[in-house]
Amino acid sequence: MRAPPRDRARFVISGLGAVSAYGWGVDALWNGLLSGRTAIGTLGCFAGEGHRTDVSAEVGDPPAGLAERYPGWDELSRAERFALVAVDEAVGQAGGPDGGRAALIGDAPELVGVFFGGSTAGMVESEEVFRPSGEISEGDRLRAHELRMLASQPLDVPAATVARHLGAAGTVVTVSSACASGTQALGVALDALRAGEVEVAVVGGADSLCRLTYAGFNSLRVVDERACRPFRAGRAGMTLGEGAGVVVIEPEERALDRIGARGGRIFASLLGVGNSCDAHHMTAPHPEGLGAALAVERALRDAGLPADVSTLAFLNAHGTGTPLNDLSEWRGVASVFGSDASRVPLTATKASVGHLLGSSGAIEAVVTALSLDRATVPPTPWAEEPGETVDPETPGRLVLGEALRIDFPDGGAEENRGSVALSTSFGFGGANAAAAFGRVVPRPASRHGADP
Amino acid sequence: LSEHEPRGPGSPRLVITGLGAIGPWGAGRDALASALTGSRTFLEPFGSSGPSERLLGFRSLGLTAGEGAGWTGRADDASYAAWVPARAARRMSRPSRMAVAAARMALAEAGLANAGSAGGDGEPLPPDFEGAEAAREAMAEAAVVLSTAYGPSSVTEELEEQILLRNPEAASPFLFAESVANAPAAQVARLTGARGANLTMTAREAGTLMAVRQAAGELEAGRSAAALAGTVDEITPVLQVILDRFGSLARGRRAGEAPTPRPFDRRRSGFVTGEGATVAVLETPETARRRGREPLAKIAGSAGAFDPTAPRHGWGTGHWMLGRTLRRTLERAGVAPTGIDLIVSGASGSIPGDRLEALTLRAAWEEAPLPPVVAPKAVTGELGGTQLAVAVLALAGAPFGPTPGFRAVDPELGVEPWSDRSGGSFPRPVRRVLVTSLTPSGTAAFLVLEHPAP
């Protein structure tokens with residue numbers, strides 16, 4: 001039913017964009033991660049409303065002048081703002097320094113697709129309409145600006161806003177499988193690229209904090225009263241965050257052709273994605289990590305790689321910081337790689353930027369691609385916390401305190417032998433996903449531009 | 001882990017072997033087939049059954065039952081209750097129950113579960129089931145890909161009411177777990193043991209076709225041998241009010257009179273809401289043959305598209321671009337426009353939406369005359385994914401009654417919905433059906449189904 005599949009073409013990441021509690025942009029994210037200090041702080045956006053906890057990883061105001069670049073900024077939800085800024089950063093990188101969007105999309109907008117993962121869209125804006133102290137009182141009719149706020153609530157709005165902004169006319173879809181959404185969106189995009197349905201996939205996710213998720217996770221008693229500490233012995237729950245992550249993915253030959261003419265950079269390749277379902281419980285993970293293991297195995301198989309630890313450079317784990325989730329995840333990983341799993345460097349982005357829910361897989365894809373590109377695994381904060389990692393029998397090699405420099409075999413080779421990174425995402429309902437990213441050998445300087 | 005061979009060019013088409021459907025018209029294919037001939041829209045006023053009027057949006061937004069916008073097509077919970085194990089149903093939201101019921105109907109027809117004995121225990125398969133080995137193998141790695149336009153709205157609204165009008169500590173963990181968009185897909189997997197990919201997609205009304213498309217991708221890539229694909233949505237007062245405030249809904253001619261959607265009619269004033277669930281079982285033809293199952297339909301092609309001319313709150317005008325994508329979809333499917341026997345249109349009565357639909361079809365067909373077009377949303381209402389079920393029924397020879405409310409062709413559109421009572425050259429059997437789904441967000445999707453006979 002689809003076009004003939006590409007003959008094992010390689011699909012590369014040629015643009016990255018991010019908005020996080022560290023700030024607006026990939027540089028802010030990367031520098032924040034390398035600092036080893038968490039961006040998690042005190043809840044601000046709806047503090048004082050009676051929530052059980054008061055920590056979050058909140059995005060601050062945009063830098064001066066940024067909002068003015070976007071007509072109608074005030075009418076956009078936070079999630080849409082995050083999405084547009086991250087997309088423009090990623091597309092600007094991919095398209096080269098001169099008019100990135102036009103260079104990337106060219107004259108075939110129907111071959112440009114947008115694949116987003118998300119959980120909340122404009123939920124917080126809708127809450128503002130419905131709050132007792134909000135602008136609607138009993139019997140009032142909705143006014144125009146309230147309608148606009150409500151119109152941002154459907155989950156597909158950020159992706160549609162991005163597609164409209166780019167002028168994309170290919171497949172536009174939002175995956176909303178709870179916290180697995182962002183990584184699943186990578187898989188949907190990879191399918192579309194392999195099938196030749198799209199030539200450019202703008203993949204990502206954007207979510208904002210809202211009362212429903214904040215109170216909801218607190219109702220489950222899975223939120224740490226402090227900042228989350230994934231995989232640590234004393235971990236006590238997750239911390240919610242917000243922001244966006246976006247990657248531009250395209251066939252390698254297409255990227256190289258454009259980079260040769262206009263500059264740009266390839267950060268990593270997306271080798272494969274695996275999905276699974278626990279089919280077990282709505283909120284609790286499978287105790288032995290069955291679904292997690294299936295997702296990792298399927299991602300490696302999709303990438304054509306062996307389930308061998310020597311393949312891996314590092315694992316960017318889902319790592320929410322809840323006692324059950326981290327244990328289940330690690331048991332799943334250990335069931336795939338055996339005791340060798342202890343040799344794999346392990347990092348957990350959520351300890352730094354919080355849990356972006358449906359968009360977490362997207363921002364973690366950005367981090368994973370950057371880590372491969374820069375041969376550096378960012379540390380997980382809280383090095384001073386006592387206690388070993390999650391499972392004493394198979395301890396994880398958690399990167400703590402300082403970044404880990406990766407010595408790639410042969411100076412950084414192809415998509416095997418220690419040059420592959422895994423990123424995992426697991427969600428409510430037992431939806432699991434894992435993505436395998438590959439190190440791309442740096443090409444001569446004439447074909448690659450400078451760092452973003 | 002087993003591994004299925006990826007399917008390359010020239011592989012036989014994927015097949016649909018089971019179908020479950022729930023809507024305002026009832027549950028199951030017979031009820032739907034009957035509804036399609038009845039020439040009536042299934043509507044009732046809010047408050048006559050179903051959700052209470054206490055929900056915060058309903059109250060604070062000032063809607064009162066009986067207004068034109070106070071009408072909806074509501075699925076009768078009793079019509080599908082027997083398909084959901086009673087114990088499990090108590091831990092599910094209404095959308096989850098509808099999705100599980102539709103999935104179990106589909107699996108029963110496909111011979112992939114014992115759900116045929118309505119009210120069963122929810123276990124995937126009894127040990128002595130005929131063809132159990134092949135069925136078990138297919139289900140162990142079966143994918144579940146569902147879509148939803150608006151998610152589990154009723155539990156979300158109830159949860160927000162707890163948080164916003166009482167206090168955040170009043171939030172119910174059960175409601176929160178069921179408020180996530182993928183709760184229905186997760187419940188389907190939990191009750192069927194499907195451990196393949198479990199995805200929930202949102203693309204408004206186009207989500208149903210996008211879900212079928214993604215599920216087909218799972219099979220083509222060799223990741224699963226079977227997949228459940230479809231959609232579930234419910235209508236709540238808050239959602240109804242918001243749609244009304246955007247001017248999307250059809251109005252009755254007089255106060256208190258039920259609205260009429262009138263797709264393609266020059267007097268159309270908007271759409272009517274419906275709800276429900278539609279789930280199909282997709283398989284590779286090899287798997288179906290090995291289990292001795294007769295397909296209901298073959299999947300010939302599909303595509304997603306986006307109309308970037310769509311404003312943030314309304315329909316676009318990019319029919320030429322959508323038409324180009326539709327034409328390419330047909331080419332990829334190996335089907336000429338003249339090879340389509342019937343179009344199951346997503347037209348709903350929306351003034352700009354039906355216009356975009358008609359002009360998109362005309363752009364794809366260019367100078368050639370359109371084949372017969374039916375617009376089942378006039379019967380079923382918007383949402384619930386019934387179009388997919390209607391297309392499968394059409395391939396099985398189901399007749400179509402007159403489109404409710406249609407009286408006069410809109411000359412700009414030039415499309416008159418077909419019915420078996422209006423005469424004309426309707427080919428039987430229908431060999432190929434095009435399903436279209438355009439949305440006000442700009443998202444669009446197309447699906448081509450073929451008759452299962454060689």
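Two strands pair if DSSP finds at least two bridges between them. In this predicted model, E6(A) and strand E6 (residues 198-202) of chain B pair in the antiparallel sense over 2 bridges, and Thr174(A) stands opposite Thr202(B) in E6(B). Helices (H or I, at least four residues) and strands (E, at least two) are DSSP runs numbered from the N terminus. Local features need pLDDT of at least 70 and side-chain atom pairs pLDDT 80 or more, while totals for chains, interfaces and linings use all residues. Residues are numbered from 1 along each chain as its sequence is written, chains are lettered from A and ligands numbered from 1 in the order written, and side-chain values use heavy atoms, without hydrogens and water.

**Interface of chains A and B**

- Contact (heavy atoms within 4.5 Å) involves 86 residues of chain A and 80 residues of chain B.
- The two chains bury about 6800 Å² between them, 59% of it on carbon and sulfur atoms; this is the accessible area (1.4 Å probe) lost on putting the two parts together, summed over both.
- Across this interface there are 7 salt bridges, each a side-chain nitrogen of Lys or Arg within 4 Å of a carboxyl oxygen of Asp or Glu.
- Elements of chain A that each supply at least two residues of the side touching chain B include helix H5 (144-151), strand E6 (172-175) and helix H8 (211-219).
- H8(A) gives the largest share of that side, 7 residues.

**Salt bridges between chains**

- Glu80(A) bridges to Arg312(B), with the closest N and O atoms 2.3 Å apart.
- Arg324(B) and Glu110(A) form a salt bridge at 2.8 Å, N to O.
- This pair joins two chains, because Arg324(B) lies in helix H13 (residues 319-332) of chain B and Glu110(A) in the loop between helix H3 (100-105) and strand E5 (112-117) of chain A.
- Arg324(B) is partly exposed at 38% relative accessible area, whereas Glu110(A) is buried at 11%; buried means under 20%, exposed over 50% and partly exposed in between (1.4 Å probe, protein chains only).
- A network of salt bridges links Asp191(A), Arg194(A), Asp302(A), Glu218(B) and Arg223(B).

**Chain B**

- Chain B has 16 helices and 13 strands, and 67% of its 454 residues are buried.
- Arg94(B) and Glu275(B) form a salt bridge with closest N and O atoms 2.5 Å apart.
- Arg94(B) is in helix H5 (residues 94-110) and Glu275(B) in the loop between helix H11 (237-245) and strand E8 (276-283), so the pair ties together parts 181 residues apart in sequence.
- Arg94(B) is buried at 9% relative accessibility, and Glu275(B) is buried at 1%.
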